[in-house]
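Visitor: I have a structure to look through and some questions about it. Can you take me through them one by one?

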Amino acid sequence: MTSTRPLTRTFSSDNTAPTSPEILEAVARAASGPALPYGADAYTADVNRQLSEIFERDVDVLLVSTGTAANALSLAALTPPWGSVLCHRDSHINHDECGAPEFYTAGAKLVLLGGGDAKIDPGELRTAVGHMAGDKHSAQPSAVSVTQATETGAVYTLDELSVLGSITKDAGLRLHMDGARFAGAVASLGCTPAELTWRAGVDLLSFGATKNGTMTADAIVVFDRSLTTELTFRAKRAGQLPAKMRFHSAQVGAYLADDLWLRNAAHANAMAARLQEGLDKIPEIGRLGTVDANMLFCHLPEQVTKGLLAEGYVFYHDRWDPGVARFVTSFATSEQDVDDLLDAIRRHSAD
Ligand SMILES: Cc1ncc(COP(=O)(O)O)c(C=O)c1O
């Protein structure tokens with residue numbers, strides 16, 4: 001999707017959002033003097049401390065520049081080349097990372113599982129964790145990767161997650177969470193970050209931030225700290241150890257300070273809920289799936305899609321199935337933005 005127009009009417013992704021002003025200011029402060037390179041600076045130490053407080057235990061943190069790097073590096077640390085990663089068939093690691101998980105793991109296999117709302121079905125997982133285990137001809141089940149919030153905007157409940165965590169751990173596998181929208185999940189459930197991760201068995205978390213306020217920084221949060229040394233070398237080897245790490249750290253530090261990450265996510269979720277409420281009152285629109293976070297899928301009549309595009313709206317459509325559209329809100333989406341979109345959909349539905 002390319003556009004040279006000003007993106008005033010964009011619902012295509014939360015990564016079209018700007019940067020939170022607090023984060024820009026933190027970067028400017030970090031740029032005002034020298035600091036030690038490669039993460040030996042005070043900003044990086046602060047982020048470790050902040051995330052250890054937030055997760056209620058000592059964690060290690062690796063700051064990276066993309067969610068794909070966070071996912072692929074994490075999976076490489078959890079899976080040998082002859083292993084397999086069990087994940088949902090609609091997961092970002094399967095569809096949208098251009099084979100990075102397979103590349104970084106040196107060839108591990110993704111085993112695709114089903115389940116509604118892009119959540120892994122526990123029955124399918126129970127079968128898959130033991131499938132061909134010990135058979136020297138087969139890739140060995142090694143890790144499970146769950147996405148929280150999911151790629152369709154649903155959120156695993158704590159109970160759902162702990163069932164998947166138990167199946168994973170009972171089989172001796174490791175658990176990775178793709179938390180590109182982790183803040184949205186925490187804000188949606190109102191639980192603690194600890195409950196949603198290591199208390200449910202998560203070993204490594206891809207802690208997304210770029211969709212919810214930062215410019216260019218995401219993180220890997222390491223709960224099983226025996227993995228840190230390996231991850232550190234892997235990150236360097238992957239070009240994910242910036243000399244000027246302090247700018248990643250300044251971004252994430254400001255993102256975490258004063259609960260900015262949760263405030264931003266709660267706002268993005270509220271805007272999706274507002275959109276959902278409005279759409280559910282338009283009989284021509286068939287909404288799909290559960291809206292727990294900041295993303296919504298629906299069936300749009302063709303004239304509505306065409307009308308919205310003609311008005312300059314930017315959103316994904318006909319990418320998954322014919323007639324299916326996706327709308328994503330962000331911390332920067334206003335109530336007026338949502339109401340204008342609803343108004344446009346109403347007008348074009350009556351065409
Ligand atoms: C579920 C999920 N995981 C990971 C990512 C990270 O992607 P990127 O490498 O573009 O930062 C995204 C971005 O769209 C995502 O939606």
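Visitor: In S7, which residue is the bridge partner of Leu204?
Guide: This is a predicted model. Strand S6 covers residues 204-207, and S6 runs antiparallel to S7. The S7 bridge partner of Leu204 is Val222.

Visitor: How many bridges join S6 to S7?
Guide: S7 spans residues 218-222. S6 and S7 run antiparallel, and the number of bridges joining them is 4.

Visitor: Which residue in S7 is the bridge partner of Val64?
Guide: Strand S1 covers residues 60-64. S1 pairs with S7 in the antiparallel sense over 5 bridges. For Val64, the partner in S7 is Asp218.

Visitor: Why is S7 largely enclosed by the rest of the structure?
Guide: A residue counts as buried if 20 or more other C-beta atoms lie within 10 Å of its own. S7 is largely enclosed because its buried residues number 5 of the 5.

Visitor: Which residues of S7 are buried on each face?
Guide: Both faces of the strand are covered. One side has Asp218, Ile220 and Val222.

Visitor: Which helix gives the largest share of the shell around the ligand?
Guide: The residues around the ligand include Thr66, Gly67, Thr68, Asn71 and His92. Also among them are Thr147, Glu151, Asp178, Ala180 and Thr210. The largest share is 3 residues, and it comes from residues 67-78, helix H3.

Visitor: How many residues of that shell are polar?
Guide: The shell has 1 nonpolar residue and 2 charged ones. The polar count is 7.

Visitor: How far apart are the C-alpha centres of domain 1 and domain 2?
Guide: The domain assignment gives domain 1 as 21-260 and domain 2 as 264-349. Their C-alpha centres are separated by 28 Å.

Visitor: Which helix gives the largest share of the side of domain 1 that touches domain 2?
Guide: In domain 1, 15 residues are in contact with 16 residues of domain 2. The largest share of the domain 1 side is 5 residues, from residues 182-189, helix H8.

Visitor: How many residues on that side of domain 1 are nonpolar?
Guide: The side that touches domain 2 has 6 polar and 2 charged residues. Its nonpolar count is 7.

Visitor: Over residues 11-296, how far apart are the end C-alpha atoms?
Guide: An unreviewed UniProt entry annotates residues 11-296 as "domain: Aromatic amino acid beta-eliminating lyase/threonine aldolase". The chain there is 40% helix and 15% strand. The distance between the end C-alpha atoms is 10 Å.

Methods. Residues are numbered from 1 along each chain as its sequence is written. This is a predicted model: local features need pLDDT of at least 70, side-chain atom pairs count only at pLDDT 80 or more; totals for chains, interfaces and linings use all residues. UniProt positions are given in the numbering used here, feature names are shortened, and annotations may be inferred rather than shown by experiment. Helices (H or I, at least four residues) and strands (E, at least two) are DSSP runs, numbered from the N terminus. A residue is near a molecule or strand if its C-beta atom, placed from the backbone, lies within 6 Å of it. Ala, Val, Leu, Ile, Met, Phe, Trp, Tyr, Cys and Pro count as nonpolar, Asp, Glu, Lys and Arg as charged, and the others, Gly among them, as polar. A residue is buried if 20 or more other C-beta atoms lie within 10 Å of its own, exposed if 12 or fewer, and partly exposed in between; C-beta atoms are placed from the backbone. Two strands pair if DSSP finds at least two bridges between them. Domain bounds come from an automatic or database domain assignment. Two residues are in contact if their C-beta atoms, placed from the backbone, lie within 7 Å.
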